[in-house]
Amino acid sequence: FPFPYTPYGIQEQFMEALYGALEAGRVGIFESPTGTGKSLSLICGALSWLRDWEEKRRQEEEQLLALGAGGQDALSPQQARPGSADTAGQPDWVTAFVQRKEERDMVDRLKEEQIRRKKREDRLEKIRHNVQLKYAAKRKRCEEDEAKRLLQLSKEALSQGAGEDALDQLDHNEEELILAEYESDDEKKVVSGLEEEDDDDLEEEHVTKIYYCSRTHSQLSQFVREVQKSPFGKDTRLVSLGSRQNLCVNEEVRRLGALQLINDRCMEMQKNKHEKKSNEENEGKKRRVSRTVCPFYSFEQMRFLRDEVLVEVKDIEQLVSLGRETKACPYYGSRFAIPAAQLVVLPYQMLLHEPTRNAAGIKLKDQVVIIDEAHNLMDTITCIHSAEVSGSQLCCAHSQLSQYMERYRKRLKAKNLMYIKQILYLLEQFVAMLGGNVNQNPGSQAVSQTGTVLKSINDFLFQSQIDNINLFKVQRYCEKSLISRKLFGFVERYGGPASAVKTNKENQKLAGLQDFLLTLQQGSDKEGDPPVEAEHDQLRTASPLMQIEGFLSALTNANQDGRVILNRQGTVGQSSLKFLLLNPAVHFAKVVEECRAVIIAGGTMQPVADFREQLLCCAGVDPARIVEFSCGHVIPPENILPIILCSGPSNQQLEFTYQTRDLPQMMDETGRILCNLCNVIPGGVVCFFPSYEYEKQVYGHWDKTGLLSRLAARKKIFQEPKKANQVEQVLVEYAKCIKRCSQAGGQMTGALLLSVVGGKMSEGINFSDDLGRCVIMVGMPYPNIKSPELQEKMTWLDKTMPRAGGQAPSRVLIENLCMKAVNQSIGRAIRHQKDFASIVLLDHRYARPAIFNKLPQWIRERTQVKPAFGSAFAELRKVRTPCILCH
């Protein structure tokens, strides 16, 4: 395998196993701890396979073309043996003729593909070596822009003094708020405007490719940088995909903020572009108000951007700057590059959600998918396909839509009115299910029966009396008519408290909408913020109807795969309806069915049983197709010391159950352990608690008993903030303090960071070197078993899954959720080959075989179980001292 340096032994094993899985078309679960060069192993292993696969295909094609060129024509009837017939009763010569025709067709198809491939390669080669060509398109674009600007100025000069009569009775630009005529059974394919450009250069055959997915855009950018450094960096056609939120370069659209609004505005601008042409054709007719079109949506410029992307590997940031520079849309330009790309890099929400996948033009048939950072893959699928709406949103949407219908009733076609009435009926019934009335303020309507109720989808539809409405049609109407976008524009114009609404008769009706919104603001204002501004901001970020569309879409899932949760709290406004997906496998099945091979990879995949059983087997994957690979770490065994501590310095047994963890003696014992460890461990110590509430409780207790000041004498104490935007600041201060202490010497030896499992510090943060010389896990972070969602999931598993090793599937789920969280947190400390750290697990239950076996193998095989604190403390002192000196 080509590699930028001599690979570790485990990297070679990883690449061989990966190559084998791709070649055999398997579904693989691959685990390689962080710090072992997993990204490079994935890149070099997968791209080596792709290079060999393309070479093999090329040789096969050449053989077939050579045969085709040999002039082997179909057999004539005279050449076939007279009277002979095959098993289907067809004469031999007929069978031979059909077979030869198929061969000829295949040869013709291969010739066409070769011509297209040659054309593409020549084009990219020309761009790669011709700097003049590279900037010609950019210069042409600037000239066009200038011409347009001058034309616009001359039009404005002509129109001055022409009077207002050119406009409709409606306000300026209000025309675009009205829904177009809707044809519900219109089966015409919606094409993104490509039919207007008779250039088939944008449509190419999809070559065999690898789709690489990760969780965040920063992880994807990091991966692209690794590709750039790898031996494949120069000659791999790579394209980075992202949402419009990340790739849009039109400032007017970007300012909308919410993803749904950006998507809708972009689609509308495209629609305007296509309508503009037909409007311009009707010269004799009265001109409608001109609508905005996106200046970056130019096919010529996007073609140029596509080729630039394919010529040189670029990450999202580089793609956006190129889009700004060339005035081309990076969102669509990158999508046009998909067919010819060999490696497509994208966030995994885009791949796992089928409508998004189809909209982006991603074709999975016979392709390879690698999902990295996949430890929470099942949770991600569940979240993508779950949806929640509050009573406040339902009432707000009902009010907005009623006002919209009233204002434009005379202008709307019958089909539109029919669907709007259906949506209003759905909203009324949903609010009634929460025990409220849509025509009253949700903030002041008290709910008589509070609590949480779970229902199957069918029961919910029957009880809310909406089972007679075709939700599939309503959902399709919402998508095609862009009603939520129109409604948002309407509310922005007339609903905002800052809007100046004229008091003519037409607008008096709209005052009701403003009054209603103001009562909503005052009713839901809990934190004492200025109510008007708070609600106006909420309106700006997203229209409530957009949220509701997601909920309607979720209700179209199969009855057995999900539940509807009615959460009735205090007032109707605070209550909510939530759809919970129970079976993530239904949405993953298509991925594993269509793809040639799927690789699920991560630094910590343990425990893997639930991936295999709940995700893959439930998605219909043959167990023989599943392959598992797990490798050790590159650090020497003496560089890590994992200890399971069963009791503290005063022999108090450590068991942090819900019943015992609040006891003063348990919190005191935890404090004593930390004091002892902070005395001997240099640098940074990170201590994880099961929840924010428990961390706060323990901190308060230590403060009262004086233990906190004893701790603070050795380590400066930092606490993980609840707000995401404060995390960076805390980490910077934490790192500065450790550096300062290591240079100054003295009694203060570093810092102690009190964190929370599943919080901001337990994933994606690197506590390498002195930032994390010891990670302490207080208790076992079991999920809240009283949560209705979790209880429903447990019941569903017990009904649908077989018992494993004598344990109920629900019990296994609880343990797996706990250990996944533990493994993520404790893996934060070892980040590279020369790093070293100790890991202390405070709870005797970690020593139980069922739990112990769910630790990652590289940690498990080095773990010591210590019944008493004395021997553990001696071990920590003994091992750390030489390591500190020699490092």
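**Entry 1: helix α10**

I looked up the backbone just after α10 and found that K327 takes a positive phi of about 55°. I note that the model is predicted.

I then turned to the start of α10, where a side-chain oxygen of D315 reaches to within 3.2 Å of the backbone nitrogen of E317.

Next I asked which residues of helix α10 (residues 316-326) are buried. I recorded I316, L319, V320, L322, G323 and T326. These residues cover an arc of only 160° around the axis, which puts them on the same side of α10. I recalled the general rule that an α-helix has 3.6 residues a turn, so residues three or four places apart point the same way.

**Entry 2: nonpolar cores**

I looked up the largest nonpolar core and found that it has 123 residues. Those with the most contacts inside it are L377, I420, F430, F460, F551 and F588. Helix α16 (residues 414-433) supplies the largest share of this core, 10 residues.

**Entry 3: S575**

I located S575 in strand β9 (residues 571-581). Is S575 buried or exposed? I classed S575 as buried because its relative accessible area is 0%, and the cut-off for buried is under 20%.

Leaving aside neighbours within four places in sequence, I listed the contacts of S575 as V389, S390, G391, L434, V447, N567, R568 and Q569.

Technical notes. Residues are numbered from 1 along each chain as its sequence is written. This is a predicted model: local features need pLDDT of at least 70, side-chain atom pairs count only at pLDDT 80 or more; totals for chains, interfaces and linings use all residues. Side-chain values use heavy atoms; hydrogens and water are left out. A nonpolar core is a set of buried Ala, Val, Leu, Ile, Met, Phe, Trp, Tyr and Cys residues joined through side-chain atoms within 4.5 Å. Buried means under 20% relative accessible area, exposed over 50%, partly exposed in between (1.4 Å probe, protein chains only). Helices (H or I, at least four residues) and strands (E, at least two) are DSSP runs, numbered from the N terminus. The arc is that of the directions from the helix axis to the C-beta atoms. A polar contact is a pair of N or O atoms within 3.5 Å; within protein, one must be able to donate a hydrogen and the other to accept it, and residues adjacent in sequence count only if both atoms are side-chain atoms. Contact means heavy atoms within 4.5 Å.
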